[in-house]
Amino acid sequence: MPYRFIASDLDGTLLDQHHAVTPLTASTLQRLEKRGVGFALATGRHYLDVRGIRQALGVRAHLITSNGARVHDPDDALIYRRNIDAELVRVISQPEFAAGAIVNFYLDDEWLISEPCQELLDMHKDSGTAYRVCDLARHDGAGVGKVLYIAPHEHLLGVERRLRERFGDRLYITFSLEHCLEVMAAGVSKGRALELVLERLGIPAEACLAFGDGQNDIELLRAAGHPRVMGNAHSRLSDMLPQARRIGSHAESGVALHLRELFTL
């Protein structure tokens, strides 16, 4: 069965080590679009940020954002939304879980943060997306698709353990990076979002390629008939998908090079 659809993570996968779109990657996807191949960008990033990345790529693509809590079609129509229960958001933003971490809330049209973080601004400078500093412990918790904790990995392991012990069946909890712990509603994942997009388009999983590098990509890769793991992937991802083909690093435009080989571009 020919490949008809490509789903890819962004940071550590489709984007280079500077979190930027390379000319090789953009031109490769544009050539494949002309052949009728469809795309989804699947990321933990905020929807407002990913729109700018899609524009830099120069292709029409579905946007799976906030790790699957939001899905937009290529025309920016919202086709799926799942928020964390407001009650849970209020609890997990309190010091019991939030102390020692920078906490972020992702809403439909806003990104809130508990304190300034220059690293995050630098990471999002190309899209121009910026946060608003807010006392999140006093937020009512409504409309939040994702809660992100940023802290050293060892500290976040303790946060993860406490969250799982208390809310394990009510939340989807995953690491996107060693210092980024992400929390969504139970049932939310990039993989479930990809399944929804493929169902909507009438494309079987066997016709889909997916690329990823992080622990939050496991469901995405399992949802596709043809998973690809980046050369720079987290070891836990490689261990969980031993059958998936390993390709080059994001720093060398590994996705683009693999696609050029696969499609003989």
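1. Basis. The model is predicted, and local features need pLDDT of at least 70, side-chain atom pairs count only at pLDDT 80 or more, and totals for chains, interfaces and linings use all residues. Residues are numbered from 1 along each chain as its sequence is written, and side-chain values use heavy atoms, with hydrogens and water left out.

2. Helices (H or I, at least four residues) and strands (E, at least two) are DSSP runs, numbered from the N terminus, and two strands pair if DSSP finds at least two bridges between them.

3. Pairing of E1 with E2. Strand E1 (residues 5-8) and strand E2 (residues 38-42) run parallel and are joined by four bridges. Ala7 has Ala40 in E2 as its bridge partner.

4. Contact means heavy atoms within 4.5 Å; axes are lines fitted to C-alpha atoms, for helices over the stretch in contact, and angles run from 0 to 180 degrees between N-to-C directions.

5. Hairpin of E4 and E5. These two strands run antiparallel and are joined by three bridges, with His72 standing opposite Leu78 in E5. Five residues lie between the strands of the hairpin. In this loop between E4 and E5 is Asp76, which has a positive phi of about 75° although it is not a glycine. Asp76 counts as partly exposed, at 29% relative accessibility. The classes are buried (under 20% relative accessible area), exposed (over 50%) and partly exposed (in between), with a 1.4 Å probe and protein chains only.

6. Most residues other than glycine have a negative phi. Thr264, in the segment after H11, has a positive phi of about 50° although it is not a glycine. At 64% relative accessibility, Thr264 counts as exposed.

7. Asp11. This residue lies in helix H1 (residues 10-14) and is buried, with a relative accessible area of 14%. The side chains of Asp11 and Arg45 are joined by a polar contact of 2.7 Å. A polar contact is a pair of N or O atoms within 3.5 Å; within protein, one must be able to donate a hydrogen and the other to accept it, and residues adjacent in sequence count only if both atoms are side-chain atoms. Leaving aside neighbours within four places in sequence, Asp11 is in contact with His19, Arg45, Met123 and Asp213.

8. Six-stranded sheet. Another open sheet, with mixed pairing, has six strands in the order E8-E7-E6-E9-E11-E10. Strand E8 (132-133) and strand E10 (171-177) are the edge strands, each pairing on one side only. Strand E7 (residues 111-113) pairs with E8 in the parallel sense over two bridges, and Ile113 has Val133 in E8 as its bridge partner. Helix H7 (residues 153-167) lies across strand E9 (146-150), E10 and strand E11 (180-185), running at about 165° to E10.
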